[in-house]
Amino acid sequence: MRTSVTGVAIPKVCGIETEYGVHGIGPGDSNPVMASSLLINAYVTEAQRQVGWDFVDESPGNDARGFGPEGAMAPEVETHLVNTVLTNGARYYVDHAHPEYSSPECATPLQVVLYDRAGEVILRRSMEAAERAYGAQGRIVVYKNNSDRKGNSYGCHENYLMDRDVPFPRIARYITPHFVTRIIYTGSGKVGSEVGNRERRDGSRVDYQISQRAEFFEEEVGLETTLKRPIVNTRDEPHADPQKYRRLHVIVGDANMSEVATYLKVGVTALVLTMIEDDWLERADLVLAAPVKAFRQVSYDPSLSTLLELASGRRVTALEIQWELLDLARKYALERGITTLGEDPETARGVLDRWESTLSSLESDPETLDRQLDWVAKRKLLQAYRERHGLSWDAHQLAAMDLQYHDLRPEKSLFARLPMEKLVDPDEVGRATTEPPPDTRAYFRGKCLQRWAGAVAAANWDSLVFDLGSDPLRRVPMMEPLRGTAAHVESLLAGCSSPAELLEKLGS
Amino acid sequence: MPERELKKKQAPARTETAVEDEAAQSSDKAEALKAEMDELLDEIDEVLEDNAEEFVRNYVQKGGE
């Protein structure tokens, strides 16, 4: 073993944004934009005072490859829609025709799991609040899935902090094989196919596939998120110091119900990005010959046996690519140590161990992961139901079960009935609906909103704007995702009795 | 991948009684799991949306992101 060299990779501050499916079950027309607004309004009215989101620094049209927005794509600014920031540091708003919850910035994968679950609790409370506030019109059901089974898909995006100095083509080159193959543990499972059945040349049908999202991807790299979706999204909007950072916006993921799946999705991806940042994968023979095709091949093959072609001509399974990434990560951890998933190296070790045990189980018998992985749990349930009732895979009951697995109502959710492994304590999840994570800038945002929501004119990922009643508005920039933590500002905030005092002490 | 082979640990040699005990236990376990699944399927029959066909047809979303 070489002497330990400290890596140059930076902490993988991360978060998850989930667009939920909405379905009005009250009388009359169900307008999804209206339904989403009712949910959020009702929640916010009950839970806290609404705070307007500040769009000043939002530029979703910027491209990581260096060029500006294309003429065809205007920045999507929807200030007229409901848009709010919660005291846990999350953003909760209407995006297109879905309620979207963007978790606060988190420092560890387990924290992401916690705040992702907190988002589900918030949506569940929103459903209850909407019915209380609006009666029959407010009877809206929320689903945490990615497709309506009719070709319409909505996303669950991840975000990871990256060093600006890492060349984007290197990120795209090495993260692609990971994105294409990680679905063997991050997939949420789907009955049938929305594009595959008509595409297969040999006449075979897709009865059940691993991923909800995979088949909606048509490009390798690009800026779009809704049309011609790319496996690697180039949106360049760091929400932080743009000289130092980039935010990798990941749009390929399935929304997971399983905590283990979310943990692995975020944890392993953060590990792979750490290695890319440190140029650790430079000689790895992992580049796929045809990533878009491979993504579907992996999703359509729950037996995990399909061979994917690499650019080198070698043919490997998705599982083999994951094993090779794991071996590289083990060596990297041994030589350099990994502190990018949290300061304690145990955090990264926990992800490595879980990754390894999951790959071992997938190799010997995926069924043994029926309490850990969504696609395995869902498939087992569907198989048993199919056998009991003698149904074929295209039976409506199975499609209904597929949707209902993701229903957030406890009395209807199929997921909630399964004995799935839990990684976070439900009481902690409850606290996380109102308390920010302590070790990112979300702490400062959340705490200011808890104490002085009335004086916060606008909140953004990278700034808070205070209105003290006298002009001008005062802006507090938060360009460093790891500043403004409890360690930095807890005593400062405790020592201030008003926002004016805080601003004075901050010298802004 | 040689390293991967190393990860597959050899099971220690076991006595015949241990194997028999294990077989009995695993059949008990299989029974229990089957009962558990049957109960779950009963429950699903109760909570599944009444008209599956209509429910699936009416579940229409706008594309997002």
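Predicted model: local features only at pLDDT ≥ 70, side-chain atom pairs only at ≥ 80, totals over all residues.
**Exercise 1.** Determine whether the end-to-end distance of helix H1 (residues 32-47) of chain A agrees with its number of residues.

*Solution.* Helix H1 of chain A has 16 residues.

**Exercise 2.** Describe how H1(A) is capped and what its buried residues pack against.

*Solution.* Next, identify the buried residues of H1(A), among them Ala35(A), Leu38(A), Leu39(A), Ile40(A) and Tyr43(A). Finally, list the partners: the buried residues of H1(A) pack against elements of chain A including strand S2 (21-24), strand S4 (91-95) and helix H2 (109-134).

**Exercise 3.** Characterise the interface between domain 1 and domain 2 of chain A.

*Solution.* First, take the bounds: the domain assignment gives domain 1 (14-428) and domain 2 (438-507). The C-alpha centres of these domains lie 31 Å apart. Second, consider the contacts, in which 28 residues of domain 1 meet 24 residues of domain 2. Third, consider the area: the two domains bury about 2100 Å² between them, with 55% of it on carbon and sulfur atoms. Nine residue pairs are in polar contact across the interface, both residues being at pLDDT 80 or more. The count of salt bridges between the domains is three. Separately, Lys244(A) and Glu480(A) join their side chains in a salt bridge, at 2.6 Å from N to O.

Definitions and conventions. Residues numbered from 1 in each chain as written. Chains lettered and ligands numbered in written order. Heavy atoms only, no water. Helix = DSSP H or I, 4+ residues; strand = E, 2+ residues; numbered from the N terminus. Expected span 1.5 Å × (residues − 1). Buried < 20%, exposed > 50% of the residue type's maximum accessible area, 1.4 Å probe, protein only. Contact = heavy atoms within 4.5 Å. Polar contact = N/O pair within 3.5 Å; in protein donor to acceptor, adjacent residues only side chain to side chain. Domains from an automatic or database assignment. Buried area = accessible area lost by both parts, 1.4 Å probe. Salt bridge = Lys/Arg side-chain N within 4 Å of Asp/Glu carboxyl O.
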